[in-house]
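User: I would like to learn how to read the features of a protein model step by step, with the general idea given before each case. Could you take me through this one?

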Amino acid sequence: MIFQEPNQIDDITEATNTYYNNFIEQLPGIGFGLLLIILGVLIGSAIGNFLTKKIAKRTHDPLMSRFLGKAIKFVIIVVAIILGLKAAGLGAIATGIFTAAGASALILGFAFKDIGENFISGIILAFNRPFNINDTVEIGGNFGKIKALEFRYTKLKTFDGKDVYIPNSDVLRKPVTNYTEDGFFRWDFIIGIAYEDNIDAAKKVVMETLAKEPTVIADDLHENFVIEDELATSTVNLKVFFWVDTTDFRKMALITKGNVVRTIKEALEAHGFYMPADIQEIKLYGDEKEFPVRLAKDTLHKN
């Protein structure tokens, strides 16, 4: 059995009392530090939300305002944590934490390169990007409306209801097609008329019909036209080009295209143009000389 010397017990008791007294002395500082951190979080959130609304009103750019608001909130909270640790007498700990964080960031930067890359890409996109909120875009095969820009990703809502989160680095690297930046898009479709029909007269009917469609755009910069596209098996194919407003892209643009296709078909038919279906040619081989065919009209007469 080992017995501690009385002076060792006294040393332990004295050390414990010293730590306890130091802790009691630091309690006000620790409480003040915690208060600073809590106030920093609250003030950072309030200032971030306020600046988000303020920047949005000035720039009319909800993506940038939201991104900058979050960035400012993050900076304020970090500063509050540093001040809180120093007020609590833990300045050395704060310095150690951020020094270790810096060293760790360098080490982890290689392991989490994509996260850092997306974060930096998000900062670049906040100030310079090829789209705005609710723009219809295509990014790397993903087609839909832009809904949000976050630190690491851009949120896109497809027209069939899917939420696609695209890494910001991909947004910078891949081609971005913006369908609504200038508000106009050109549709085209092919319509076939019979070989015996007058091509110029058919083109005139098509252009007159386009001019009557209220949702088709026509001005000096956006010209609608019709060209001869192909001599197909049974038709002369005309290709119709026309411009539409893409502010409400997809729904209204598709409705406009459907109206144009329908009205042009009806107009051509009303002016006596024939739009034949594909002609099927039947060939007889060998000793066959005749091919039995029964017409529906003959069958009705017999009945």
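**Reading the fold, strand by strand and pair by pair**

Analyst: Of the contacts in the chain with a separation of 6 or more, 64% are between residues 24 or more positions apart, where contact means heavy atoms within 4.5 Å. The model is predicted, so local features need pLDDT of at least 70 and side-chain atom pairs count only at pLDDT 80 or more, whereas totals for chains, interfaces and linings use all residues. Residues are numbered from 1 along each chain as its sequence is written, and side-chain values use heavy atoms, with hydrogens and water left out.

User: What does the secondary structure of the chain come to?

Analyst: Helices (H or I, at least four residues) and strands (E, at least two) are taken as DSSP runs and numbered from the N terminus. On that basis the chain has eight helices and nine strands.

User: How should I read burial, and what percentage of the residues in the chain is buried?

Analyst: Buried means under 20% relative accessible area, exposed means over 50%, and partly exposed lies in between, with a 1.4 Å probe and protein chains only. Buried residues make up 29% of the 303 residues here.

User: Why is strand S9 described as largely enclosed by the rest of the structure?

Analyst: Strand S9 spans residues 236-245, and eight of its ten residues are buried, so the strand is largely enclosed by the rest of the structure.

User: Which strands pair with S9, and in what sense?

Analyst: Two strands are said to pair if DSSP finds at least two bridges between them. Strand S6, residues 184-193, pairs with S9 in the antiparallel sense over ten bridges, and within this pairing Gly 192 stands opposite Asn 237. Strand S8, residues 225-231, is also antiparallel to S9, over six bridges; Leu 231 stands opposite Val 236 there, and a hairpin of four residues joins S8 to S9. Strand S7, residues 216-217, pairs with S9 in the antiparallel sense over two bridges, with Val 216 opposite Val 244.

User: How many aromatic pairs are there, and how is their geometry read?

Analyst: Rings of Phe, Tyr and Trp (its six-membered ring) pair if their centres lie within 6.5 Å; planes under 30 degrees apart count as stacked, over 60 as edge-to-face, and the rest as tilted. By this rule the count comes to seven aromatic pairs. For Tyr 179 and Phe 185, the ring centres are 5.6 Å apart and the planes stand at 55 degrees, so this pair is tilted. Tyr 179 is buried, at a relative accessible area of 17%, while Phe 185 is partly exposed at 21%. Phe 189 and Phe 242 form an edge-to-face pair, with 6.1 Å from centre to centre and 75 degrees between the planes. That pair links distant parts of the chain, since Phe 189 lies in strand S6 and Phe 242 in strand S9, 53 residues apart, and both residues are buried. Phe 143, Phe 159, Tyr 179, Phe 185 and Trp 187 form one aromatic cluster.

User: How many salt bridges does a search of the whole structure find?

Analyst: A salt bridge is a side-chain nitrogen of Lys or Arg within 4 Å of a carboxyl oxygen of Asp or Glu. The search finds six of them. Among them, Glu 269 and Lys 265 meet at 2.9 Å, N to O, and both lie in helix H7 (residues 251-270), four residues apart, which is about one turn of the helix. Glu 269 is partly exposed, with a relative accessible area of 42%, and Lys 265 is likewise partly exposed at 39%. Another joins Asp 163 to Lys 157, with the closest N and O atoms 3.2 Å apart. Asp 160 and Lys 162 form a salt bridge at 3.9 Å between the closest N and O atoms, and both of these residues are exposed.

User: Where is Asp 197 placed, and what does Asp 197 touch?

Analyst: Asp 197 sits in the loop between S6 and helix H6 (199-212). For charge, Lys and Arg count as positive and Asp and Glu as negative, while His and the chain ends are not counted. Asp 197 is buried yet has no salt bridge, and the nearest side chain of opposite charge, that of Lys 265, is 13 Å away. The backbone nitrogen of Tyr 274 lies 3.1 Å from a polar atom of the Asp 197 side chain. Leaving aside residues up to four places away in sequence, Asp 197 touches Gly 272, Phe 273 and Tyr 274.

How values were computed:
A polar contact is a pair of N or O atoms within 3.5 Å; within protein, one must be able to donate a hydrogen and the other to accept it, and residues adjacent in sequence count only if both atoms are side-chain atoms.
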